[in-house]
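Reader: Could you take me through how the helices of this model pack?

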Amino acid sequence: MLLSTLDECRIRSLHSPQNFALLRRIALNALERESSFRRSIRQKSRRAAMNDRYMLSVLAAALSNSVPLP
């Protein structure tokens, strides 16, 4: 059963690996930029998953340092 689920994973097909790698990199950069909770990326990620307010602060930190597109 486990092998059939892995074989049907759509992250490994077409452009999905590149897309998910980009999304992961954006999420990691957002967690690195957030400075109110000085912990490891893993701890920040877990806290963001459980705490909506902290997730908003991570998103705000990521957006506040972004450069507008022309």
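Predicted model: local features only at pLDDT ≥ 70, side-chain atom pairs only at ≥ 80, totals over all residues.

Reader: At what angle do H2 and H4 pack?

Author: H2 (residues 16-33) and H4 (residues 52-64) pack at about 95 degrees, with their axes 8 Å apart. Helices are DSSP runs (H or I, at least four residues), numbered from the N terminus. Axes are lines fitted to C-alpha atoms over the stretch in contact, with angles from 0 to 180 degrees between N-to-C directions.

Reader: Which residues meet there?

Author: Ala30, Leu31 and Arg33 of H2 meet Val58, Ala61 and Ala62 of H4, where contact means heavy atoms within 4.5 Å.

Reader: And how do H2 and H3 cross?

Author: The axes of H2 and H3 (residues 41-50) cross at roughly 100 degrees and come within 10 Å. H2 is therefore roughly perpendicular to H3 (65 to 115 degrees). Leu28, Leu31 and Glu32 of H2 make the contact with Ile41, Lys44 and Ser45 of H3.

Reader: Where in the fold is Leu23?

Author: Leu23 lies in H2.

Terms used
Residues numbered from 1 in each chain as written. Heavy atoms only, no water. Helix = DSSP H or I, 4+ residues; strand = E, 2+ residues; numbered from the N terminus. Parallel < 35°, antiparallel > 145°, perpendicular 65-115°, else oblique.
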